[in-house]
Amino acid sequence: MSREWPLWEIFIRSQHGLAHKHVGSLHAPDAEMAIKNARDVYTRRNEGVSIWAVKSSDIVASSPGEKEPMFEPASSKVYRHPTFFPMPDEVKHI
Amino acid sequence: MYAQMVDTGAKKLRSLEEMTPEERAFQARVDADIKIEPKDWMPEAYRKTLIRQISQHAHSEIVGMLPEGNWITRAPTLQRKAILMAKVQDEAGHGLYLYCAAETLGVSRDQMVADLHSGKAKYSSIFNYPTLSWADIGAIGWLVDGAAIMNQIPLCRCSFGPYSRAMIRVCKEESFHQRQGFDIMIKLCRGTPEQKAMAQDALNRWWWPSLMMFGPPDASSVHSAQSAQWKIKILSNDELRQRFIDQTVPQADFLGITMPDPELKWNAERGHYDFGAIDWNELYEVVKGNGPCNRERLRARVDAWESGAWVREAALAHAEKRAAAGRRAA
């Protein structure tokens, strides 16, 4: 006995208008079974209205070792947030 | 507690000064409550301990389906049957969440299953007891799931991201399990004298094994200290056990049934219930494989795995054949 079924990452959209969110993974022989298994494993209580299944081996991830060069540059650019610009109290609707 | 006596490989707890720079940085992240994710650097012992703990937890969910599955065909009403099926299906789901969490640490699903079947990996001692009457399904939901929740709620805050996220999902679903059990107990205790006697009998048989689920006293255990330092164990076995007793005794009072412990009584000074001595030899025997149902449980798992082998192989062969046909058509 033999090879394992491939691993799939499962994404669920909880209600119309929200993005699909990663909920976990599971094993399945093919895409169709991955969706069926995802329904049983991850939506037993009306958690979702849509399922995406992606083979884990097809996911490309940023490396944890490169966290600083990847994400540090954003932290000094505080002017990207609206709160950086104080507005006079008498100015409305801005 | 679904993971009992987890070995950390530690001989003694090391201070920050005795750690390598990498270990120190790791411990600092744990201390700051920053979650450790699968691709982050982690000490090998942390990885191995978590594989042992999470896989033991997963195996418990899966083996835990057997004692309850025993009553699906004999549930007293169609609604009780549907509810019990939903509960057993949840246990399967919980096992799968946990297996996935363990797989992120680099162990394969097949390896974990093989370790369960060879006896190398353990599952909770509690599932080696038989379910003799319908009242046992009530007692399991009330006591066993109650004890599991007691253990799992603190684990939602554990240091390993995938384990913590799996525990959050499990806890959300688990309180239904405890309530359905207590609901069965209420029904029996408000029923005929025979039905109430069934409820009392189930409590008599499940009370001590439920207390043993938390594991032996571990205040002085180096493994517990190591697991606490890594934040993969949040409260000691005795603390969890005391909390469980304190919350459960008033529930039994409500039902009008009594714990099989003549020494159980409220201690106003401590603000806790005092209780009688637990027979730890019984726990050690069950963990060693000599409980009432150990062999039966393992045989059922191995049979299910072996009987399903052709289905797993056929599904994979079918998927590969279809993929190859798709490639030719393209």
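How much area do chain A and chain B bury between them? Chain A and chain B bury about 2,000 Å², where buried area is the accessible area (1.4 Å probe) that two parts lose on being put together, summed over both, and 50% of it lies on carbon and sulfur atoms. This is a predicted model, in which local features need pLDDT of at least 70 and side-chain atom pairs count only at pLDDT 80 or more, while totals for chains, interfaces and linings use all residues. Residues are numbered from 1 along each chain as its sequence is written, and side-chain values use heavy atoms, with hydrogens and water left out.

The interface can be set out by its counts.

| Feature of the interface of chain A and chain B | Value |
|---|---|
| Residues of chain A in contact with chain B (heavy atoms within 4.5 Å) | 23 residues |
| Residues of chain B in contact with chain A | 26 residues |
| Salt bridges (side-chain nitrogen of Lys or Arg within 4 Å of a carboxyl oxygen of Asp or Glu) | six salt bridges |

One salt bridge joins D90(B) to R44(A), with the closest N and O atoms 2.7 Å apart. On the side of chain A that touches chain B, the residues divide into eleven nonpolar, three polar and nine charged.

M185(B), L188(B) and C189(B) of α7(B) make the contact with Q195(B), K196(B) and A199(B) of α8(B).

Key:
Chains are lettered from A and ligands numbered from 1 in the order in which they are written. Ala, Val, Leu, Ile, Met, Phe, Trp, Tyr, Cys and Pro count as nonpolar, Asp, Glu, Lys and Arg as charged, and the others, Gly among them, as polar. Helices (H or I, at least four residues) and strands (E, at least two) are DSSP runs, numbered from the N terminus.
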